[in-house]
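Please keep the structure open as you go.

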Amino acid sequence: MNCAVIHYHEIALKGQNRPFFVGRLVENIQAATADIPGVEAEKLWGRLLLKIGDEDCWPAVEERLKNVFGIANFSPAQRVGLDMDRMKELVAAEAVKHDFDSFRISARRAHKNYPLTSQQINAEIGAHVVKLTGKRVDLGNPELNIHLEIMPNEAFLYFRNIEGAGGLPVGVGGKLVSLLSGGIDSPVASCRMMRRGCRIVFVHYHSFPYLNKKSQEKAQEIALHLTRYQYQSILYLVPFGDIQKEVVVLAPAPLRVVIYRRLMLRIAVEIAKKQDARALVTGESLGQVASQTLENLSVIDQAVDIPVLRPLIGMDKDEISRQAMDIGTYETSIIPDQDCCQLFIPRKPATRSKLEEVLEAEGALDVPRLVEQGVTQAEERSYTFP
Ligand code: ATP
Ligand code: MG
């Protein structure tokens, strides 16, 4: 197996976006395998061909391809010539390396110039395999499915079809700023938006030196981990403790949480402007905690005038946790930490805050200065993968 055939979701390819989408997918595959020598992706008749210099690299390549968004499925393959007699011999010779009792041939033509139809190819090669091996054809549920994709100048032979990550290639959907807490939810929210083609800039708010550095360390570890899905990441670490202190002194206790959140969003918007990002992302899910009622989310939203995307809004904690395990962030997220939201938290946070009350409370604060302070004190970290 000296190459791989990669299929992408046709559905996402309507109209003029196609070359852009495919070009980005090629770039991302190239980035994901940058440290594996001899790997080269190219466009080929509605699919991609991945050349693999050294067969021993396949397990590493497979691992990387599984995390590339935009891939529907992929297969380690062998390039074969188009001469029918040679093709028959080769298919049979490769097939007998597998352990099977029943099989089918699944030929597909990428273009219609080949003199035989797919059906005819299936019949002719199938008959040859039966003759040589004595195995039986089973079209419905074969033990071995022998795929042949016929291109203009060659064909690809493969036996396995590996499910890809789906979604859209990172980069086709623009940039977002994601509020990354170090908890379970926000890494999942970030990753779901990457899977919709967005590049994510991370922002984490911490209360060091009032609290320890654990949440920062977790956010850094998670940002580093998620970089495997987008190859380059930036994380802003925003000191939030002094800002919280001012809120505590000047605003009524029940409104603190909502005001913290509104300040977080405003700081994130300034970072979004610097980064040319068009919207924010949070890991909020409706009703999960006191600050996540419809009333509070509405008041929080009205602090900013760019969209706040909440991809987890309708999900249960169980579902979110399972996804966190799938993407590999769960273990880090459950490490106990001291999140800034635990600092100066009121005993009874308002579950139904009213915008007028919040605006009145914020009137006592110098909001622009607090936002400016957050932005200028932010530390920037960058990560690359691999
Ligand atoms: P998570 O599991 O993501 O921490 P949560 O269930 O703890 O979420 P909240 O504490 O209400 O819920 O936080 C809601 C969202 O606000 C988070 O998903 C995240 O997007 C953002 N957020 C909360 N705290 C921080 C923080 N310290 N830094 C950055 N974003 C934060
Ligand atoms: Mg949290």
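Is R369 buried, exposed or partly exposed? R369 is partly exposed, with a relative accessible area of 37% (buried means under 20%, exposed over 50%, partly exposed in between, with a 1.4 Å probe and protein chains only). This is a predicted model, where local features need pLDDT of at least 70, side-chain atom pairs count only at pLDDT 80 or more, and totals for chains, interfaces and linings use all residues. Residues are numbered from 1 along each chain as its sequence is written, and side-chain values use heavy atoms, leaving out hydrogens and water.

**Salt bridges**
- The whole structure holds 25 salt bridges (a side-chain nitrogen of Lys or Arg within 4 Å of a carboxyl oxygen of Asp or Glu).
- E154 pairs with R79 at 2.9 Å, N to O; E154 sits in the loop between β7 and β8 and R79 in strand β4, so the pair ties together parts that are 75 residues apart in sequence (strands are DSSP runs of E, at least two residues, and helices runs of H or I, at least four, numbered from the N terminus).
- E154 is buried at 17%, whereas R79 is partly exposed at 33%.
- R369 meets D366 at 3.4 Å, N to O, and D366 is partly exposed at 36%.
- A network of salt bridges links R261, E284, D301 and R310.

**Helix contact**
- Residues V258, I259, R262 and R266 of α8 meet L355, V358, L359, A361 and E362 of α12 (contact means heavy atoms within 4.5 Å).

Note on methods
Chains lettered and ligands numbered in written order.
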